[in-house]
Amino acid sequence: MIESKIVDPYVESYIKELIPNEEGLLAALELYAHEHLVPIVQPEIAQYLKVFTKLVKPKSVLEIGTAIGYSGALFATTMQKGTIDTIELKEEMYVKAQETFSELKELVPEVTVNQYLGSAEDVLPTIEKKFDMIFIDASKGHYKAFFDLCYPLLNDGGVVISDNVLYKGMIATNLYVVRRKITIVKRMRQYLTFLSTHPELDTTVLPMGDGLAISIKKGGQA
Ligand SMILES: C[S@@+](CC[C@H](N)C(=O)[O-])C[C@H]1O[C@@H](n2cnc3c(N)ncnc32)[C@H](O)[C@@H]1O
């Protein structure tokens with residue numbers, strides 16, 4: 001296990017031990033991700049997203065960064081009903097995620113998944129619907145650009161979840177910053193300040209996994 005610079009390793013491993021093992025499709029995707037070194041949400045983030053999705057009960061989710069469709073499948077199996085629109089830059093990931101979502105259709109027939117192949121910067125301006133929940137989990141240096149493009153697609157009272165915002169401990173202190181990541185670090189710090197001071201948002205940053213920011217758009221019922 002890579003040492004966490006965000007949570008005490010003993011707390012992290014204790015929390016991980018408490019998480020029940022996934023079965024079926026999600027377990028198979030975890031194994032695939034492990035064997036093929038595909039980055040997917042960490043187990044404690046997956047568990048949090050599951051609980052959070054049950055609380056928020058979104059009918060529509062937009063995801064930036066599909067990879068093999070693990071988090072998409074997690075949202076779908078938790079929601080049981082609704083739509084997921086998910087964007088992926090790399091064709092090989094997009095194709096693997098197609099397999100995932102066709103298997104998923106058998107498990108949760110009332111969830112419709114719309115996949116987009118391309119960069120979120122190009123795809124987002126073409127999407128005309130609105131969403132209850134947006135999950136940003138793609139290239140970390142571009143979160144602000146992703147946010148600017150997807151925020152107009154967020155319903156009032158909707159939620160934006162941004163993953164990896166404490167990026168290996170580098171965001172909260174210069175102590176862990178490595179030179180070649182300086183631009184990402186600067187941009188992520190600006191992004192977190194932007195979210196935290198945005199007049200239409202209430203934001204909380206959670207020190208779990210690689211750091212998670214949850215931002216709720218004021219208005220609506222939230
Ligand atoms: C951390 S992975 C996503 C993991 C996935 N959300 C999960 O937990 O199962 C990030 C993905 O974002 C994709 N990506 C990176 N930059 C992107 C962009 N500009 N637009 C769309 N996808 C992008 C990468 O190819 C990669 O597959």
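# Sheet and helix packing in a predicted model

Seven strands form an open sheet of mixed pairing, in the order S3-S2-S1-S4-S5-S7-S6. The model is a predicted one.

Colleague: Which strands are the edge strands of the sheet?
Modeller: The order of the strands is S3-S2-S1-S4-S5-S7-S6. An edge strand pairs on one side only. The two that do so are strand S3 (111-117) and strand S6 (201-206).

Colleague: What does the twist average from one strand to the next?
Modeller: The sheet is open and has seven strands. From one strand to the next, its twist averages 15°.

Colleague: Which residue in S4 is the bridge partner of Val61?
Modeller: Strand S1 covers residues 60-64 and strand S4 covers residues 131-136. The two pair in the parallel sense, over four bridges. In S4, Val61 has as its bridge partner Met133.

Colleague: In which sense do S6 and S7 pair, parallel or antiparallel?
Modeller: S6 and S7 form a hairpin with five residues between them, and Gly209 in the turn has a positive phi of about 55°. Over six bridges, the sense of the pairing is antiparallel.

Colleague: What angle does the direction of helix H3 make with that of S5?
Modeller: Helix H3 (residues 43-56) packs on the sheet. It touches S4, strand S5 (154-163), S6 and strand S7 (212-217). The angle between the directions of H3 and S5 is about 175°.

Colleague: Which strands does helix H7 lie across?
Modeller: Helix H7 is made of residues 143-150 and runs at about 165° to S4. The strands it lies across are S1, S4, S5 and S6.

Colleague: Why are H2 and H5 described as roughly antiparallel?
Modeller: The axes of helix H2 (residues 24-35) and helix H5 (residues 91-107) come within 11 Å. They cross at roughly 165°. Angles over 145 degrees count as roughly antiparallel, so H2 and H5 are roughly antiparallel to each other.

Colleague: How many nonpolar residues are in the contact of H2 with H5?
Modeller: From H2 come Leu25, Leu29 and Tyr32, which meet Lys96, Thr100, Glu103, Leu104 and Leu107 in H5. By class, one residue of this contact is polar and two are charged. The nonpolar residues number five.

Colleague: How far apart are the axes of H3 and helix H4?
Modeller: H3 passes H4 in a right-handed crossing. Ala46, Leu49, Lys50, Thr53 and Lys54 in H3 meet Tyr70, Leu74, Phe75, Thr78 and Met79 in H4. These residues divide into six nonpolar, two polar and two charged. H3 and helix H4 (residues 70-79) pack at an angle of about 35°, and the distance between their axes is 9 Å.

Colleague: Which residues of H8 make the contact with H7?
Modeller: H7 and H8 pack at an angle of about 35°, with their axes 9 Å apart. The H7 side of the contact has Tyr143, Lys144, Phe147 and Asp148. By class, the contact has six nonpolar, no polar and two charged residues. On the H8 side are Met188, Tyr191, Phe194 and Leu195.

Colleague: Is the aromatic pair of Tyr143 and Tyr191 stacked or edge-to-face?
Modeller: Tyr143 is in helix H7 and Tyr191 in helix H8 (residues 182-197), 48 residues apart, and the pair links distant parts of the chain. The two rings are 5.7 Å apart, centre to centre, with 85° between the planes. Planes over 60 degrees apart count as edge-to-face, so the pair of Tyr143 and Tyr191 is edge-to-face.

Technical notes
Residues are numbered from 1 along each chain as its sequence is written. This is a predicted model: local features need pLDDT of at least 70, side-chain atom pairs count only at pLDDT 80 or more; totals for chains, interfaces and linings use all residues. Side-chain values use heavy atoms; hydrogens and water are left out. Two strands pair if DSSP finds at least two bridges between them. Axes are lines fitted to C-alpha atoms, for helices over the stretch in contact, and angles run from 0 to 180 degrees between N-to-C directions. Contact means heavy atoms within 4.5 Å. Angles under 35 degrees count as roughly parallel, over 145 as roughly antiparallel, 65 to 115 as roughly perpendicular and the rest as oblique. Ala, Val, Leu, Ile, Met, Phe, Trp, Tyr, Cys and Pro count as nonpolar, Asp, Glu, Lys and Arg as charged, and the others, Gly among them, as polar. Rings of Phe, Tyr and Trp (its six-membered ring) pair if their centres lie within 6.5 Å; planes under 30 degrees apart count as stacked, over 60 as edge-to-face and the rest as tilted. A crossing is left-handed if the near helix is turned anticlockwise from the far one by less than a right angle, and right-handed if clockwise.
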